[in-house]
Amino acid sequence: MATHLRQFTPSLLAAAVALASGQTMAAGFQLNAQSATGIGQAFSGDAVIADNASVMARNPAAMALFDETALSLGFEIISTDITAKDVQYNGNPAESFDDAGGVSVAPNMHLIIPVNEQFAWGVNAYSNFATNTDFSDSLSWSEYGGLTDVESVNIGVSASYRLNEQWSFGAGIDIIYGTGKLTRIAGTDMSVVAPGTVLVDADADGFGVGFNLGTVFELDENNRFGLSYRYSPEIEADGSVEYSGDKDSNGTLYMPLPNMAEFSGYHRIKETPFALHYSIQYTGWSCFDKLDAKINGTTTTLNDYNWQDSWHYAIGGTYYLDNQWTLRAGYMYDTSAQDETTSVSVPDSDRQWFSAGATYEIDQQSNIDIGLTYLIGQDVQADEVTDAGPLELSRISATTRANAVLFGLQYNRTF
């Protein structure tokens, strides 16, 4: 019997595309972990501040602000706390689960090389998207949990051009490669399906090519604005796919990724050690309305999602304490990509980010950044149903929540 598995919403999508390393930290399965500097200021002003080379991940035009070769090497440690409580499985109380999160490490590298006063180019490697959850297979409602494990890398090449003292422009190409695994097994009370039956088992990888554009406007040395746009491709992930009894060792999963746009501002207050910065970012998650797969030559819609576009709003401040220390802090409000369709396996909600960080100057050419963020999600009521045509196989309702702590460490150097 073919089973339409409605529960595999963002979980299957994330494994299908395999687009990140780490855990879901922003709307949908978007990951904000490109730099320790950004983590320390809730990514406020991140498309224009240009404290170090990591700015090229948010806006390629900001490379024009550098007059020396700049290198940033860093990593983020992401610890998530994902819970499902008040669980009702097929109308009966069921066990809660409070250990679906975990700890992961997301490295990054950014290099900017000025050619002359007008041109600069650079390369970097980091990640834009992620999800990682692991629910125990011993749960009675295991078809709604399971394993989603994704790892990937985004490799970018960018260039910038300074038109005059006010305007700079930039563009770049992104090559995305990722691998991901997804498993789901039947729980103890599915109609006509034996407990422990494999429902989904996917192990896929794939490439995608996108691009990014940006501009910087400098009002003066203390005030500047940045605007960037990132086009994200549809990914075709090839590999072994088992779904509802159909198996294909050369299956393909298709998924569109959201385009993103960001506006940032930076303002250093004259004759003071303070600066204010802010960002507004748009992520076009409404493009993700369904997930298709090709299994044994037939293209099938695995699920409908009907996600909505999301936004984040960030504001922060920097205090230039002395020649050795720079302190920063920030706050972000991040809106959910999920609307009426929710998921137990990958919770999504509006989130608040509370961030703090610092830079320590080792010498005139090198420094170390540290950043810490506490991310607070909201309780969300998730209701899911698994059916096969008119036959309902199981249903679940639960209150889900995802909190996280992000820690970033980064070394920056100019040459």
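Visitor: Which residue meets Arg 162 in a salt bridge, with 2.9 Å from N to O?
Guide: In this predicted model, the side chain of Arg 162 is paired at 2.9 Å, N to O, with that of Glu 218. Glu 218 lies in strand β8 and Arg 162 in strand β6, so the pair ties together parts that are 56 residues apart in sequence. Both residues are buried, and the partner asked for is Glu 218.

Visitor: Is Asp 174 buried or exposed?
Guide: Asp 174 forms a salt bridge with Arg 230, with 2.5 Å between the closest N and O atoms. Since Asp 174 belongs to strand β7 and Arg 230 to strand β9, the pair ties together parts that are 56 residues apart in sequence. The relative accessibility of Asp 174 is 4%, and buried means under 20%, so Asp 174 counts as buried.

Visitor: Which strand holds Asp 369?
Guide: The side chains of Asp 369 and Arg 328 meet in a salt bridge, at 3.6 Å from N to O. Arg 328 lies in strand β17, residues 325–334, whereas Asp 369, in residues 366–376, lies in strand β19.

Visitor: What is the relative accessibility of Val 192?
Guide: Val 192 has a positive phi of about 60° although it is not a glycine, and its place is in the loop between β7 and β8. Val 192 counts as exposed, and its relative accessibility is 60%.

Visitor: Where does pLDDT stay under 50?
Guide: The mean pLDDT of the protein is 86. Where pLDDT is low, the predicted coordinates should not be read in detail. The stretch with pLDDT under 50 is residues 1–28.

Note on methods. Residues numbered from 1 in each chain as written. Predicted model: local features only at pLDDT ≥ 70, side-chain atom pairs only at ≥ 80, totals over all residues. Heavy atoms only, no water. pLDDT = per-residue confidence, 0-100. Contact = heavy atoms within 4.5 Å. Helix = DSSP H or I, 4+ residues; strand = E, 2+ residues; numbered from the N terminus. Buried < 20%, exposed > 50% of the residue type's maximum accessible area, 1.4 Å probe, protein only. Salt bridge = Lys/Arg side-chain N within 4 Å of Asp/Glu carboxyl O.
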